[in-house]
There are 2 protein chains.
Amino acid sequence: MSPDTARPFTVEPWVVREPRLDLDTVGQVESVFALSNGHIGLRGNLDEGEPNAWPGTYLNSFYERRPLPYAEGGYGYPESGQTIINVTNGKLIRLLVEDEPFDLRYGELRRHERVLDLRAGTLTREVEWASPAGRVVAVRSTRMVSLTQRAVAAICYEVEVLDAPALLVVQSELVANEQMPARNDDDPRVEAALTDPLVAEQYRADEAGAILIHHTRRSALRVAAAMDHEVHGPDGVSVSSEASDDIGRTTVITRLQPGQKLRIIKYLAYGWSARRSQPALHDQVRAALAAARYTGWEGLLAEQRQYLDDFWETADVEIDGDAELQQAVRVAVFHVLQAGARAERRAIGAKGLTGEGYDGHTFWDTETFCLPVLSHLAPEAAADALRWRQSILPMAYERAEQLGLSGAAFPWRTIRGHECSGYWPAGTAAFHINADIADAVRRHVAATGDVDFEREVGLELLVATARLWRSLGHHDSAGQFRIDGVTGPDEYTAIVDNNVYTNLMAQQNLRVAADTAARHSRAAGRLGVNAEEMASWRDAAKSMRIPYDEVLGVHPQSEGFTNHQGWDFENTPPEKYPLLLHVPYFDLYRKQVSKQADLVLAIQLRPDAFTTEQMQRNFAYYEAITVRDSSLSACTQAVVAAWTGHLDLAYDYLAEAALVDLNNLAGNTEHGVHIASMAGTWTAVVSGFGGMRLDNGGIAFDPQLPPALSRISFGLKWQGRQLRVEIRPGEAEYRLVSGPPMRLRHHGEPLALADAPQVRPIVACEPVEPVEQPYGRAPNARHPGS
Amino acid sequence: MSPDTARPFTVEPWVVREPRLDLDTVGQVESVFALSNGHIGLRGNLDEGEPNAWPGTYLNSFYERRPLPYAEGGYGYPESGQTIINVTNGKLIRLLVEDEPFDLRYGELRRHERVLDLRAGTLTREVEWASPAGRVVAVRSTRMVSLTQRAVAAICYEVEVLDAPALLVVQSELVANEQMPARNDDDPRVEAALTDPLVAEQYRADEAGAILIHHTRRSALRVAAAMDHEVHGPDGVSVSSEASDDIGRTTVITRLQPGQKLRIIKYLAYGWSARRSQPALHDQVRAALAAARYTGWEGLLAEQRQYLDDFWETADVEIDGDAELQQAVRVAVFHVLQAGARAERRAIGAKGLTGEGYDGHTFWDTETFCLPVLSHLAPEAAADALRWRQSILPMAYERAEQLGLSGAAFPWRTIRGHECSGYWPAGTAAFHINADIADAVRRHVAATGDVDFEREVGLELLVATARLWRSLGHHDSAGQFRIDGVTGPDEYTAIVDNNVYTNLMAQQNLRVAADTAARHSRAAGRLGVNAEEMASWRDAAKSMRIPYDEVLGVHPQSEGFTNHQGWDFENTPPEKYPLLLHVPYFDLYRKQVSKQADLVLAIQLRPDAFTTEQMQRNFAYYEAITVRDSSLSACTQAVVAAWTGHLDLAYDYLAEAALVDLNNLAGNTEHGVHIASMAGTWTAVVSGFGGMRLDNGGIAFDPQLPPALSRISFGLKWQGRQLRVEIRPGEAEYRLVSGPPMRLRHHGEPLALADAPQVRPIVACEPVEPVEQPYGRAPNARHPGS
């Protein structure tokens with residue numbers, strides 16, 4: 001896997017710096033520099049709007065409906081999809097310097113630098129630009145999306161004239177229905193549905209601001225966007241505003257002398273709803289704006305830093321010995337936070353709010369990759385994400401009924417909660433998402449010990465999903481419980497019987513549902529659960545079929561998989577990847593080639609179901625056929641590589657997961673960052689090298705340090721405590737930063753932890769046979785001596 | 001299976017009579033009364049055009065391209081489809097009686113009768129109608145599509161005034177771009193592509209005729225339609241013609257006295273081409289018209305009857321003891337002839353040229369159901385259909401290459417030869433069509449002994465398909481040759497490993513290709529076949545995996561099938577059928593429910609691969625789970641029921657296959673008749689009750705008479721001979737109608753047949769355990785005592 005573009009960023013521990021402007025990487029940088037609090041997302045577009053790859057201002061769960069066409073339809077196919085749309089753009093600030101528009105494509109760009117500061121939570125830009133007429137100005141802007149005031153974003157925009165006096169006109173705008181790049185979609189109905197999706201309802205301008213209210217044509221969602229400004233400049237600054245259907249504009253005019261500055265603080269507020277009236281939304285955003293102005297720019301900055309200081313105290317991961325990885329891991333954790341921090345009972349998408357990739361949809365990524373991280377770093381965000389799942393249960397019940405099943409069938413991809421998958425073999429058939437949600441509940445309850453959450457939220461999700469599995473599977477004549485005709489995580493294999501990942505996750509789902517219902521019998525009773533039903537879950541779990549290939553000594557990913565034809569990797573040149581763009585599904589499905597970790601993910605999530613030797617044999621087998629055409633793969637391979645003693649390989653995979661967006665390894669970062677890979681980065685460190693596992697309600701570590709690194713330190717929250725673990729050569733230190741004394745296990749041995757840090761020796765890995773990847777698909781070797 | 005509508009036809013041995021007009025059955029009757037020679041098809045629309053269900057004038061392989069949209073696309077998905085279109089309608093003859101348009105919905109219809117005459121090859125209509133003003137006329141029309149002059153159709157239209165003198169105006173027309181009923185398709189692009197598909201190129205009117213030339217917008221096919229008239233009436237008949245872009249009109253005006261008649265002979269000719277120029281086509285249809293006029297109406301009628309007399313001499317099937325079935329079997333054979341007679345290197349569609357169902361596409365139906373019949377009744381038509389397959393080999397080679405395979409991958413559904421399937425699990429994945437084509441070659445060569453055909457046509461088809469199988473399958477580590485990830489005939493199960501039907505058919509394909517290449521080694525050499533390749537085909541055939549369930553003692557339809565969950569038939573009410581309209585594919589695929597014969601079809605086509613006991617056990621097993629949601633099922637179940645001793649059941653299934661359109665059993669006859677079920681009707685008689693099999697180059701019979709019938713007689717061509725077989729209670733008679741002496745086998749015993757008929761006793765069936773169908777899915781019981 002090689003980067004498709006030169007890396008546009010420097011390596012620094014706490015910031016991401018773009019030291020110069022490169023038009024080839026504009027889209028990637030927009031995504032990496034996207035600011036979000038999970039509620040509002042602003043892509044890292046330039047203040048003046050152009051040049052850009054994808055203009056983007058997103059609001060969580062704000063989407064338009066679009067037709068889903070089929071050449072040949074089928075019962076139960078969703079008829080319409082949901083697509084995230086670029087809403088009213090409030091980050092636009094245009095500048096006119098003596099009649100010359102400030103546009104980096106013209107004139108001379110003498111300096112350009114942008115910095116994403118992971119501790120400040122800001123994106124800062126510094127530009128020195130000579131207009132085609134030779135006028136030199138310095139522009140400095142700082143942008144933030146508030147983590148403390150979730151409806152608010154703000155920009156501080158400063159202009160200084162460097163050479164000679166100049167007349168400046170700044171137009172700070174709200175723009176709805178921005179012109180977008182053409183979609184790669186040949187269906188004119190889709191294009192029509194998503195072109196100019198916002199219908200104007202109301203506009204108003206004040207002296208120094210404006211408000212625009214729109215609604216979407218088909219999904220009937222209403223959005224209000226408002227801006228207000230503070231202007232600081234020399235005497236005689238003129239400030240006026242105007243508005244019309246799709247534009248609000250505040251115009252600031254002044255003449256600056258060299259050394260003088262014009263400073264504009266722009267406050268932005270967004271509100272949206274499917275139900276609230278126009279006046280209600282209007283008042284809501286003006287109230288948010290008033291609060292932001294009351295807090296002031298400096299106040300917002302201070303709140304932001306405090307929020308992040310608190311976060312990083314737990315969340316920081318220190319990597320000594322690899323500065324690039326150090327930076328990447330922090331960027332990853334930062335973006336996971338941004339995606340979930342204030343999502344608050346709305347969905348966390350696969351791209352967060354950083355781009356329009358995957359139509360802005362939420363998949364299993366959230367529960368399997370993000371939530372295990374958030375449960376340990378920002379537990380309320382994880383709880384809210386699961387509360388969102390609970391809130392869409394009515395749609396999941398309805399979908400299950402449509403499919404002839406009991407319980408809940410959660411959508412494979414959605415924004416609002418309806419199934420939006422247009423290809424059922426890799427959508428509806430991927431029922432594992434239901435067990436993934438149950439697993440996120442289990443992990444969250446284990447990580448937080450939150451019994452109220454378990455009773456009020458977790459239980460209903462566990463019961464609804466257990467009922468699904470009970471109806472989806474059946475006992476065969478030999479008494480085994482089989483789950484046939486489903487698709488596991490590996491999207492290069494579909495509609496198979498007894499996918500091991502699915503069956504193991506369903507097994508756990510059934511067990512945990514029964515156990516949880518037993519612990520909360522009254523609440524379970526209200527859901528109609530009785531002892532017979534709980535017994536039927538336990539029975540199904542106990543007799544769950546897990547196919548095993550006795551000849552090869554490995555688990556087939558699904559029934560018969562190991563009998564399939566091998567893929568001809570030697571004759572698959574690099575340009576044929578990702579395979580799904582160059583090979584028909586039928587060929588992928590019938591051969592032994594895995595897009596991504598599937599059985600290996602089963603090992604990660606159900607280590608109790610495998611012996612150490614099985615883990616090793618399975619890992620070696622699937623390493624040889626896994627091409628990592630999905631960014632959900634490397635982080636999982638990192639974990640299991642670490643567990644099976646392949647520390648150098650684990651390190652390579654960790655770096656691949658961590659660098660996917662900074663180095664644009666998948667070549668598509670411009671459509672948004674890969675939140676799951678970023679979350680998986682944390683998991684690769686903590687579960688992989690930290691060997692962290694939750695078992696029997698406790699927490700355990702099996703720390704290992706890859707030879708290339710000299711120290712790894714990570715923190716996490718554990719049932720009301722804050723814990724820090726440091727892995728050094730030969731030893732690991734456990735420190736209770738806050739909270740009551742606790743017990744954990746180190747390499748299987750109990751360890752009581754109170755105020756005093758505890759240091760324990762690391763048991764070195766046994767040497768293992770090296771494993772091989774498919775021809776040409778080894779990760780970039782990062783470890784020394786490679 | 002119950003008829004959806006009252007039967008609109010009387011029961012008579014050689015005609016299909018509609019004794020009155022019923023607007024509810026208009027569509028069904030239009031399909032059953034469709035006239036075709038395989039080249040041109042005219043639906044049985046009323047002369048005056050309205051009322052109608054679907055106006056239809058079709059030309060073989062004349063189609064328009066249409067977009068195939070996908071909610072989520074994939075590599076190798078076809079981007080455009082091909083849809084048969086209603087071309088210039090030349091059967092339209094409107095009548096004005098004293099200012100009142102002749103329209104059966106107004107005035108009083110005193111008599112209405114239409115008769116499809118299976119020996120004359122004509123559709124005759126007799127109407128007596130009183131206009132709203134009280135004028136009474138008798139109209140008699142006879143329509144034919146010539147089996148001898150393939151570009152020609154003709155109509156004799158007679159009007160008589162019964163009560164008082166009346167002024168009559170007859171407008172005989174050619175109409176392009178007729179207004180069609182709305183399609184059940186929510187994609188406006190498809191609607192747009194298929195609305196007014198013909199672009200006018202040229203029009204011209206003569207005194208008593210006109211010509212229109214059009215082309216299609218996207219597929220760029222050119223069509224010329226021309227008409228000419230002979231008018232016979234009292235003196236003073238005025239005849240004039242006019243034409244414009246989309247209409248040609250000959251107007252005949254006369255005043256008739258009671259008892260006087262106006263008689264118009266309308267000659268029609270069609271020509272179409274993707275290559276020929278406008279002048280060339282123009283001349284072509286005028287030449288055809290001239291030839292028709294030269295032959296004259298009586299001449300055309302005489303040729304038609306002679307052609308059919310010759311045909312029926314061999315093809316007639318006599319059924320004593322069931323008049324309805326007798327009629328239905330003849331109708332079935334007639335429609336199979338109509339579909340294929342003059343198709344001449346163009347495709348034979350699933351609906352022939354009788355309707356727009358399935359977009360007019362050709363599937364495996366042709367080779368598996370139709371051609372085995374045509375090879376015995378109209379061998380040149382079968383040979384031409386296979387020559388068509390040969391002609392589309394370049395497209396099939398290209399498709400195979402796109403799919404990463406060797407040899408040829410024939411399209412699952414097509415008109416011109418390109419894959420038009422928009423759902424690959426039930427399209428591209430149904431690779432068995434390639435073996436089905438090979439099997440049709442094998443049967444045709446066996447039936448005709450045509451070595452030239454084998455060398456020039458058959459060999460290339462066999463080699464191309466054998467190469468496909470060799471590359472699609474692979475040897476596993478145990479040395480078995482496996483074909484994974486394909487879909488067999490049963491469309492309620494998809495993307496499976498080692499479908500027994502597919503593997504058995506591929507096995508035979510590989511063997512026959514090797515044997516044929518050995519017989520024609522020079523020709524094979526020109527195709528690049530060498531001894532190594534032939535050996536690799538034989539090896540693969542020899543080690544072909546055929547899964548078998550030792551516990552149940554049956555063949556699983558595909559790997560693991562018998563472990564799947566049973567379908568809950570008891571809780572599936574009749575309105576849930578066909579299941580595919582009420583249940584998602586995922587649920588159908590993972591459970592034991594068969595849309596249609598799959599393993600049972602394997603028994604029919606590869607009886608050599610099963611012991612008698614296996615046949616019986618398999619038949620009983622699959623009877624219990626086969627719902628016959630496909631009309632391709634009953635005929636096959638009839639054959640295997642007869643072979644396994646279930647004679648009454650075989651008789652029920654034969655009737656279901658035979659009556660599918662006359663009784664509208666599938667409820668969709670209005671979209672065209674079910675050619676495969678009609679062909680299968682013959683096969684159910686001849687292979688089922690006749691027990692006819694081709695083995696080792698010879699022909700064998702195992703005759704049985706179902707208790708309800710007193711006699712079955714059928715004829716067939718066999719290697720240049722004409723043979724007739726009569727099954728009577730307790731005995732069978734074999735008669736060589738023409739041709740040199742031959743050998744056959746009767747119940748396994750050799751029998752030499754020369755001039756003298758041979759009578760042999762029938763070995764009575766052993767009594768067998770009755771079999772059961774899914775709840776509510778038993779065929780209508782027809783046998784006495786049921």
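How close do the axes of helix 16 and helix 18 of chain A come, and at what angle do they cross? In this predicted model, local features need pLDDT of at least 70 and side-chain atom pairs count only at pLDDT 80 or more, while totals for chains, interfaces and linings use all residues. Residues are numbered from 1 along each chain as its sequence is written, and chains are lettered from A and ligands numbered from 1 in the order in which they are written.

The axes of helix 16 (residues 634–643) and helix 18 (residues 675–689) of chain A come within 8 Å and cross at roughly 5°, where axes are lines fitted to C-alpha atoms, for helices over the stretch in contact, and angles run from 0 to 180 degrees between N-to-C directions. Helices (H or I, at least four residues) and strands (E, at least two) are DSSP runs, numbered from the N terminus. Helix 16 and helix 18 of chain A are therefore roughly parallel to each other, a term applied to angles under 35 degrees. Helix 16 of chain A contributes residues including Ala634(A), Val639(A) and Ala642(A), and helix 18 of chain A contributes, among them, Gly680(A), Ala684(A) and Phe689(A); contact requires C-beta atoms, placed from the backbone, within 7 Å. The residues of this contact divide into 7 nonpolar, 7 polar and no charged, with Ala, Val, Leu, Ile, Met, Phe, Trp, Tyr, Cys and Pro counted as nonpolar, Asp, Glu, Lys and Arg as charged, and the others, Gly among them, as polar.

Chain A is divided into domain 1 (90–286 + 304–312) and domain 2 (316–725), with bounds that come from an automatic or database domain assignment. The centres of these domains of chain A, taken over C-alpha atoms, are separated by 39 Å, and their contact takes 5 residues from domain 1 and 8 residues from domain 2. On the side of domain 1 of chain A that touches domain 2, the residues comprise 4 nonpolar, no polar and 1 charged.

UniProt, in an unreviewed entry, lists "domain: Glycoside hydrolase family 65 central catalytic" at residues 330–683 of chain A; this span is 51% helix and 2% strand, with its end C-alpha atoms 13 Å apart. For residues 692–753 of chain A, the UniProt record (unreviewed entry) gives "domain: Glycoside hydrolase family 65 C-terminal", and that span is 0% helix and 66% strand.

An open sheet of 3 strands in chain A has the order 2-3-4, with antiparallel pairing, and its edge strands are strand 2 (35–36) and strand 4 (57–59).

Notes:
Pairing = 2+ DSSP bridges. Contact = placed C-beta atoms within 7 Å. Parallel < 35°, antiparallel > 145°, perpendicular 65-115°, else oblique. UniProt positions renumbered as here; feature names shortened; annotations may be inferred.
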